[in-house]
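Subject: Structure handover

Dear colleague,

I am passing the structure on to you below, and after it come notes on what was found. Please read them alongside the model.

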Amino acid sequence: MKSFGRLLEFGYSIFSFFVNKEKKKKNYSALVSILPEEVMLEIVSRLPVKYVMQLRCVNKFFNTLVFDPYFIQMHLNKSTQRNSQQLALICFRKDISHDDDDPKDWTSDLKTFSIQCSLQNKFNTIIHCSDPYYLKGKEDPHIVRWFVGSCNGLLLMKFTCPRCDHYLYFWNPAMRKQSKKIAIFFNIYTNPNYNISFGYDNSTQTYKVVAFYLEMKPGCNPKSVVKVFSLGDNNSWRDIQCLPVLPLIYLGTDSNKNDGVHFNGTINWFALQDGVDIKTTILRFQQCLILSLDLSTETYTKLSLPQRFDKVSGYIPKLVVLMDCLCFCHDFEKTHFVIWQMKDFGVQDSWIQLFKISHDHFYTWINLLPLYLSENGDTLVLANVKGKEAFIYNRRDNKVEKIGIATHRKWSQSKGYVESLVSTH
């Protein structure tokens, strides 16, 4: 760990060495004569993207390096190791020079923070001042912006506006780059039963968006329309096979969408067995399953839920990824929040129960969403889906602490995040 710190410190020294505009050509020639190219790459690959991008002004070598596929993957690997416990949120700040609540005075920006550092904060309060480098600037107050997904430093954003088109775009905040607008192929207001997910096809090294909506006609069974958008593939949507069963997108009064979860080249939804009413308010184990879409073959697989899962009460069960495993979470009898982990993806017998947390730890019965689980499995961070708050649960002493917040955040919209040089085109 100390050697890594020294190497990173040396990398920052090199960055400062290069960006001296008056001496950069002389500096580069001197340094190249000292360091082999492979050593130079190793050092630069450990720098934050912000500094790597600034090195482009030094000479053609660094300007080309930023777009080299081998170096992009090398930098991503280092960034993933260094920032594996980061979350990204869209937050809102108010112009303090104005006293009114005019939405035009609000600015949205990206915040990233280390979960580990937050856990070490004895007051459990996160105060994070945004780096202006990441500011997106003032938006049209009528436009709502949401995270759809995060993968290898790319964020997929959704913009909706009642008076104009709704669209998607890829955003790499570390590179300050975003793609052109991607029109959504259906109207989300006339087709409210929809889902948009984002993941990575390992076989073709392609980033893919999967979107579907359900045609809900009176007297007819719901029908799905599913399309895939591949980044860099003619920038167009193409049809794939319809959903063999329907993901559950409505249950009682829960307004939270059953988002598709990306895991190891697949998108996964909590779904209903064929023939079950999509608007049912009471579900049994036998009526539910996990629908998994392989992004490589674009085929579906049905996965069984834990055998001891009894029934759903109140909130839609959720799928999350914790400790590099797919996990299934649900409320139990309005008394406990339960988390199951599939140790071996796709293997029914590998389900184990990780947590069964009493709602007595919280001020009321709330809709919880796991965000993070420590490597030792003792510390769990959970968000209140319908509120702007999060909690830390410690398994060893069976206690829950509330995380204080100092900005306008919606924790349930946060995504895992690492900086990268992955292109948005």
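Two strands are taken to pair if DSSP finds at least two bridges between them, and helices (H or I, at least four residues) and strands (E, at least two) are DSSP runs numbered from the N terminus. This is a predicted model, in which local features need pLDDT of at least 70 and side-chain atom pairs count only at pLDDT 80 or more, whereas totals for chains, interfaces and linings use all residues. Residues are numbered from 1 along each chain as its sequence is written, and side-chain values use heavy atoms, with hydrogens and water left out.

To begin with the strands, β16 (residues 288-294) and β17 (residues 299-303) run antiparallel and are joined by five bridges, and Leu 291 has Lys 302 of β17 as its bridge partner. Four residues lie between the strands of this hairpin, where Glu 298 takes a positive phi near 55°.

Most residues other than glycine have a negative phi.

Turning to the helices, the axes of α3 (residues 37-44) and α6 (residues 69-82) come within 9 Å and cross at roughly 45°, the axes being lines fitted to C-alpha atoms over the stretch in contact, with angles from 0 to 180 degrees between N-to-C directions. Helix α3 is therefore oblique to α6, since angles under 35 degrees count as roughly parallel, over 145 as roughly antiparallel, 65 to 115 as roughly perpendicular and the rest as oblique. Leu 41, Glu 42 and Val 44 of α3 meet Phe 71, Met 74, His 75 and Lys 78 of α6 in this contact (heavy atoms within 4.5 Å).

As for the cysteines, a disulfide is a pair of cysteine sulfur atoms within 2.5 Å, and by this rule the count is zero. Cys 329 has the sulfur of Cys 327 as its nearest cysteine sulfur, 6.3 Å away, and at 1% relative accessibility Cys 329 is buried. Cys 151 is buried as well, at 6% relative accessibility.

Note on methods. Buried means under 20% relative accessible area, exposed over 50%, partly exposed in between (1.4 Å probe, protein chains only).
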